[in-house]
Amino acid sequence: MSGALRIPGAGRLSQAKTARFSFDGQSYSGIEGDTLASALLANGVHLVGRSFKYHRPRGFLSAGAEEPNALVEIKRDAARKTPNVRATVQELYDGLAAQSQNRWPSLAFDVGAVNDIASPLFSAGFYYKTFMWPKAAWKSLYEPKIRAAAGLGVAPDQPDPDHYSARFAHCDVLVLGGGAAGIAAALAAAETGVRVILADEQAEFGGSLRFESGAKIDGQDGFAWAQAAIARLKALDNVRVLSRATAFGYYAQNFVALVERVSDHLQNPGRDLPRERLWQVRAKRVVLATGAIERHMVFADNDRPGIMLASAARTYLNHYGVAVGRNVGVYTANDSAYAAAIDLKKAGVDVAAIVDLRDNPTGPVIDEARALGIEINFGRAVISAGGKLRVTSMTVQPKNGGGERTIPVDAILMSAGWTPSVHLFSQSRGKVAFNDETKRFVPGTYAQDCVSVGACNGTDGLSATIDEAYAAGAKAAKDTGAKAARGTKPKVDASESWSRGMLGAAPGAGPDTTVKAFVDFQNDVTAKDIRQAVHEGMRSIEHVKRFTTNGMATDQGKTSNMHGLAIAAETLGKPIPQVGLTTFRAPYTPVTFGSIVGHARGPLFDPTRKTAIHPWAEAQGAVFEDVGQWKRAWYFPKGGEDMHAAVDRECVTVRKTAGLFDASTLGKIEVVGPDAAKFMELLYTNPWEKLEPGRCRYGIMLREDGFIYDDGVVGRLAPDRFHVTTTTGGAPRVMNHMEDYLQTEFPHLNVWLTSTTEQWAVIAVQGPKSRDIIAPLVEGIDMSDEALPHMSVREGRICGVPTRLFRMSFSGERGFEVNVPADYGQAVWEALWAEGQKHGATAYGTEAMHVLRAEKGYIIVGQDTDGTVTPNDAGLDWAVGKKKTDFVGIRGMARPDLVAKGRKQLVGLKTKDPKVVLEEGAQVVADPKQAVPMKMIGHVTSSYWSENCGRSIALALVAGGRDRMGETLYVPMPDGVIEVEVAGMVFFDEKGERLNG
Amino acid sequence: MLLIRCPYCEEERPELEFRNAGEAHIARSADIAGESDDDFEKFFFIRSNPKGIIYERWRHMHGCARFFNAVRDTVSDKFLMTYKAGEPKPAKLPGASK
């Protein structure tokens, strides 16, 4: 038998199989279909955790998602450890292993419980006051200690091996909550034929029908009716039914996020199942049928294990067949707890007494309880509970004072009334309204196309609920354009109903007491703490919440908010609506990071872009660097070379013979159309109209503010066609910039823009032997200097495939850039490589490319410029068309500050000691002897060892730099000041003769 | 996630497909080179940043790629309407709060 407290014949799990599980190393057996909570209770285990602050022993308060106490760690293996799992929600599977949290060395004996004795030190807001001095101790002592002591559960320390999926879904009517109301609404909507999604957080549909033994619908027991209705809905093509799916966030325009727990309840989920699935649903109409949550009674020591909500005890009995005790007491302020007493009594459990705060309530449940011989005490209160690890007694007193009486019990079932679950309504930005008569916040003003039905709308009684929900479901469908429903409304044959209840502290926990009467179990907030917050000046409920932490943490105050509010309102002497309700925020219940992240992790976090030539470089043992999303070959080490040696060799070989470089990542944009040249004139500083087809030009693009935005070589292929190149990182934003101007400022221009970055593979062949390498493979292009001078472009064929062959150089050597369709990139590279081998050419990577260009003083936008550099600052005035009357940036460039004297200008720096290589980003000063902080006059933008120059080289932005030629400046570093001389930007072949060399 | 109506696609599409492109109806002068410093400052730097109705540019980046204009309430984050680039500021707004 699966537990001594399993009642034969009770509950709905009788057909199921035994499941073995462990809790804190102890083995137990339960039944498939149990939750961890019901299985532990069947074995008589109530003590399952220690509270957050005082480390008080805690048991199960609830049987659902609102559980504040019974948080455990579920461990599948070393990497699959989930802390803070609500035992009331976790479904049992064979082999489940759970551990209690927040206790040391054991659950029954916890050293941290000393906090309970020392509790006067830890009253509300203690951490705002206690640790204020000495000030220095906060960082070194208090904060680390508090952080170590704080928190519930331990986060896993290994990467999550599970995977998580995500789905987008659209529907006409989304019904959230699968109790009687939700099912009725879904039936009404589904019968019209519109697309319906019905979701519920539980494994089984039915909501409160799980415990309401008195409900009969369409001639069936309520829970059985729910299962039959769900089966009908599942059979419809227009309906999707999601169980174990919690709607945790309600966002703008009826966008609802749900998390479906796909495999946490399975013994062996298998690799093909995700752990969870995130549903992002866009619905035309939303029906909220989220029900209500029972509140506890606020009295002294109301947190002892064994004290729980009446509806929870009923759920454990009527659904799971488990008695939560053998001799239970009941403490209530409304009728619903009577039903629990009646059900337990009928199941053979002793009910010691019902204690009812009300004076003379009447009604059928009271009559029935009396008829069963249960002792009922009206007008009395439970003023305290006995026991420590488990409740042993309740002490009863007339509510206005008088003689006490202690009744032995092993469980107390309590009900202070029901709180409508307006969380999702409130998240939808709807405004709640307080009903003074029923003392409930219910949906008031709606902000979105949704409707609340049933208990979450403050509707009492099953009949009224089904009427309201069915009508709302039909109307929601109709609003989306559906025809009238063809089905029939479910008929309620019998139901339960109960009245209001109370808010706030019960007698014995009033303002004149210092007892621990818990309002918020998860944060250990007592009635006294709330009053103290008000006494210390908190007026807004939001301040009370933050000062006491009432309603915070993982349960988000599902059971505590209303009690806390009532106590604050009473202490303030204000009506409840004037004090206001705290804001409900997503998520409704905790959501794993995994479900939010989904597949977007590891290699799928961000795309990795590889060029057509990447596999060749990889095979050659290239070391890669990340440039944006691109992987680029950084250098090609040979025979044990380090980076320094490899780069030196590559740089020297390029200038001596030749080198091949994969430049495919360069951004490429095809600018085409009758007005292409006019467009280029407007987007670049340079003149383009007169550039002959077949020629190239180095172009500079500015933003409207006059600062350099991008650069690149542009080839004119035809009067109406430009092949524009951009920086590797700049391609998307340059395209966006061009489209923006074309569409919105210059829409009269007849131009088309096409990104061709990935269409062309680009192989740079640079060096004195470059022409000799390329020429044998080229057809239809005259490669002579006369026919193909520096900065020209021709179309022809190479290795039999089409090419756009650019004669251009980013190294200062005779150079070419061979563009071929990307699919042929590697084949052409290999053919060129074979030719190159005959001449002793090298492959070179981005590092050598950087060194070679720096030797020539060619800038890299984004490295030597930073968004505050004008063409003049960069020494590129020659590239600005002086006769032009308009281009983007022409006016910005003329702003007073941009033409002022003393601006930072790009210059070369030579270290006095040629062996010393400056650090990029290092600051430059004029006088190293000045006091710190020194006046910085510039910084190093590029710096390398140049094997070709036999010395270090650097570029720097220096105030008034071009007027400082030959001046000595200083670069202060932690281990000494480096002397530098201001020089021109060109370090190698100043005359540029090698372009034709 | 908001739904935004693209006036070119004539469809409401999720926010993820769009990129904001700053305030709308700020015309670039045909003679920008001749503008005074004050006029250029107004054109390039000064934005209204209102609490309430804003006219702004959006691009249907991952759709038709067109730039268009939208009217949005910065308080409620609601889009009141969208219209094509080049069309004048709408004289009347549907369902404007103020």
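A salt bridge here is a side-chain nitrogen of Lys or Arg within 4 Å of a carboxyl oxygen of Asp or Glu. Keep that in mind for this predicted model, where we'll look at two meeting places: one between domain 1 of chain A and domain 3 of chain A, the other between chain A and chain B.

**How chain A is divided**

**Domain 1 meets domain 3 in chain A**
- Domain 1 brings 10 residues to the contact, and domain 3 brings 12.
- Together they bury about 830 Å², with 34% of that on carbon and sulfur atoms.
- There's 1 salt bridge between the two domains.
- Polar contacts link 8 residue pairs here, counting pairs with both residues at pLDDT 80 or more.
- On the domain 1 side, the touching residues are 4 nonpolar, 2 polar and 4 charged.

**Chain A meets chain B**
- Chain A puts 27 residues into this contact and chain B puts in 26.
- About 2100 Å² gets buried, 51% of it from carbon and sulfur atoms.
- On the chain A side, A:Glu704, A:Gln743 and A:Arg891 lose the most area, together 30% of what that side buries.
- The interface holds 4 salt bridges; one of them pairs A:Arg891 with B:Asp37 at 2.3 Å, N to O.
- Helix 20 (residues 731-745) of chain A supplies the largest share of chain A's touching side, 7 residues.
- By class, that side has 11 nonpolar, 6 polar and 10 charged residues.

Definitions and conventions:
Residues are numbered from 1 along each chain as its sequence is written. Chains are lettered from A and ligands numbered from 1 in the order in which they are written. This is a predicted model: local features need pLDDT of at least 70, side-chain atom pairs count only at pLDDT 80 or more; totals for chains, interfaces and linings use all residues. Side-chain values use heavy atoms; hydrogens and water are left out. Contact means heavy atoms within 4.5 Å. Buried area is the accessible area (1.4 Å probe) that two parts lose on being put together, summed over both. A polar contact is a pair of N or O atoms within 3.5 Å; within protein, one must be able to donate a hydrogen and the other to accept it, and residues adjacent in sequence count only if both atoms are side-chain atoms. Ala, Val, Leu, Ile, Met, Phe, Trp, Tyr, Cys and Pro count as nonpolar, Asp, Glu, Lys and Arg as charged, and the others, Gly among them, as polar. Helices (H or I, at least four residues) and strands (E, at least two) are DSSP runs, numbered from the N terminus.
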